[in-house]
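Please open the model in a viewer and keep the sequence at hand.

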Amino acid sequence: MSYDLRRADIRLKWLVTCLLATFGIAYAFGAWMVALYAGFRPATVAATYGESEMPMAMPPDSTMVLEHKMDLADFSETAPHRVDRDLLIQDTHVHVPMYGVIAAALSCVVLGLSLRRGAGLALITLVFAAPWLDFAGMWLTKLVSPRFALLTVAGGWAMGAGYALIAGIALWQMWGPQKGPST
Amino acid sequence: MILLLSLVTALLHITPTVVLMKRPDAVAAVLPDARTFVARELHLSEADARRLHQAVDWSPEDGVLTFYTGRNGDDVAGALMFVRVDSPHGPVEIAVGFEPRGAIRKVVVTKATVETKPWVLQAVRAGLTAAYEGMQAGTMPDGAGTVRATVGSMPTYMAERVDMGVARALAAYGTFYQPELMP
């Protein structure tokens, strides 16, 4: 394959480095955001994406009224950040295409790495499968069982791992010690 | 490179929720005289939910409308409700406070997103929420019309979302809030 980052023009190496650095910043802030809103443990992810504990499967025959007294302090929202079905539909619509393009960009970097065909295929599969796993976990947590939060956690870590592997290998191959002459 | 970085910038366009005013502060702002509160949750029947949906194209989360009645001793200080409006840029939440006679006392925006916060704040600074004061059920809010001449297109767009939330609150209050039944 003629596209080889080890021997690529320095401008292409710099482009890939900038791209990886930008993705790295995005991933770091993404992790920070996850820590703020959903956490890294299956229990906190399940609390964020799971259905309400008292779902009204069917509306009552006549409007039902429940009342309880409150103080001003009771208005504080101590409950975890929750993503309901409407918001998850929107999140999926907005994020999945974005993750697809990020995976495509990382895959383009993989194509320029000196790797065995199988390893390249595995990395490309990893960067696409990780967000699938992430969102599949969110939907299954909401629709089937909170236990599927584990999938979302796994998907998130897989995204980070895929990026770290690709960035590490690419930076090493582009800027590390060269065996042959560089163009 | 510029195209790629522009794409990356677009990809990073995430919109986590930002609290503009904590709920207890919002309650104190819209019902300053209230000292004690009663939450009244209406689990809407199918017919009532349909009525509300036909009026303002809205179904409250989990089919539950929640009004909070504020009291100061034996006197009713007013009522309030929180309404969320979704948009492709993320949700915005408002608190709408009503005087005992049913007119809107005050509206505050309690939540936006990282992306929409500056637009919402611009619209509020241009007089958006002041435009709702005194409105009664049965009238159509047009806060966006008030700020359109002084702010850009995105603040106006967010003002339209806030209009939508106020319209929902007015419809819910006018249709379902029965002050004579309030404790």
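Is B:Arg105 buried, partly exposed or exposed? With a relative accessibility of 28%, B:Arg105 counts as partly exposed. The model is a predicted one, and only local features with pLDDT of at least 70 are described.

**Stop 1: the partner of B:Arg105**

Select B:Asp33 together with B:Arg105: their side chains meet in a salt bridge, with an N to O distance of 3.7 Å. B:Asp33 belongs to the loop between α2 and β2 of chain B, while B:Arg105 sits in strand β6 (residues 104-113) of chain B, so the pair ties together parts that are 72 residues apart in sequence. B:Asp33 is also partly exposed, because its relative accessibility is 38%.

**Stop 2: a buried pair in chain B**

Next, select B:Glu93 and B:Arg23, which form a salt bridge whose closest N and O atoms are 2.6 Å apart. This pair links distant parts of the chain: B:Glu93 is in strand β5 (residues 92-98) of chain B and B:Arg23 in helix α2 (residues 23-30) of chain B, 70 residues apart. Both B:Glu93 and B:Arg23 are buried.

**Stop 3: across the two chains**

Display chains A and B together, then select A:Glu67 and B:Arg40. These residues form a salt bridge, with 2.4 Å between the closest N and O atoms. At 39% relative accessibility A:Glu67 counts as partly exposed, whereas B:Arg40, at 5%, counts as buried.

Which residues are linked in a network of salt bridges? Select A:Asp84, B:Glu61, B:Arg84 and B:Asp86 to display that network. Over all chains, a search of the whole structure finds 12 salt bridges.

**Stop 4: two helices of chain A**

Move to chain A and select helix α1 (residues 10-37) and helix α3 (residues 85-111). They pack at an angle of about 140°, and their axes are 11 Å apart. This angle makes α1(A) oblique to α3(A), and α1(A) passes α3(A) in a left-handed crossing.

To see the contact itself, show the side chains of A:Val16, A:Leu19, A:Leu20, A:Phe23 and A:Tyr27 on α1(A). On α3(A), the contact is made by A:Ile102, A:Ala105, A:Leu106 and A:Val109. The residues of this contact between α1(A) and α3(A) comprise nine nonpolar, no polar and no charged.

**Stop 5: two helices of chain B**

Return to chain B and select helix α4 (residues 117-125) and helix α6 (residues 153-176). Their axes come within 8 Å and cross at roughly 80°; α4(B) and α6(B) are therefore roughly perpendicular to each other.

Which residues make this contact of α4(B) and α6(B)? From α4(B) come B:Trp119, B:Val120, B:Gln122 and B:Ala123, and from α6(B) come B:Met154, B:Pro155, B:Met158 and B:Ala159. The residues of the contact of α4(B) with α6(B) divide into seven nonpolar, one polar and no charged.

**Stop 6: a loop with two positive phi angles**

Now select the loop between α3 (46-56) and β3 (64-72) of chain B, where B:Asp57 is found. B:Asp57 has a positive phi of about 55° although it is not a glycine. B:Asp57 counts as exposed because its relative accessibility is 55%.

B:Asp62 is likewise found in the loop between α3 and β3 of chain B. B:Asp62 is not a glycine either, yet it has a positive phi of about 60°. With a relative accessibility of 43%, B:Asp62 counts as partly exposed.

**Stop 7: chain B as a whole**

Finally, select the whole of chain B and colour it by secondary structure. How many helices and strands does chain B have? Six helices and six strands make up its secondary structure. Along the sequence, they follow the pattern α-β-α-β-α-β-β-β-β-α-α-α.

Chain B has 183 residues, of which 52% are buried. For contacts in chain B between residues at least 6 apart in sequence, 63% join residues at least 24 apart.

Conventions:
Residues are numbered from 1 along each chain as its sequence is written. Chains are lettered from A and ligands numbered from 1 in the order in which they are written. Side-chain values use heavy atoms; hydrogens and water are left out. A salt bridge is a side-chain nitrogen of Lys or Arg within 4 Å of a carboxyl oxygen of Asp or Glu. Buried means under 20% relative accessible area, exposed over 50%, partly exposed in between (1.4 Å probe, protein chains only). Helices (H or I, at least four residues) and strands (E, at least two) are DSSP runs, numbered from the N terminus. Axes are lines fitted to C-alpha atoms, for helices over the stretch in contact, and angles run from 0 to 180 degrees between N-to-C directions. Angles under 35 degrees count as roughly parallel, over 145 as roughly antiparallel, 65 to 115 as roughly perpendicular and the rest as oblique. A crossing is left-handed if the near helix is turned anticlockwise from the far one by less than a right angle, and right-handed if clockwise. Contact means heavy atoms within 4.5 Å. Ala, Val, Leu, Ile, Met, Phe, Trp, Tyr, Cys and Pro count as nonpolar, Asp, Glu, Lys and Arg as charged, and the others, Gly among them, as polar.
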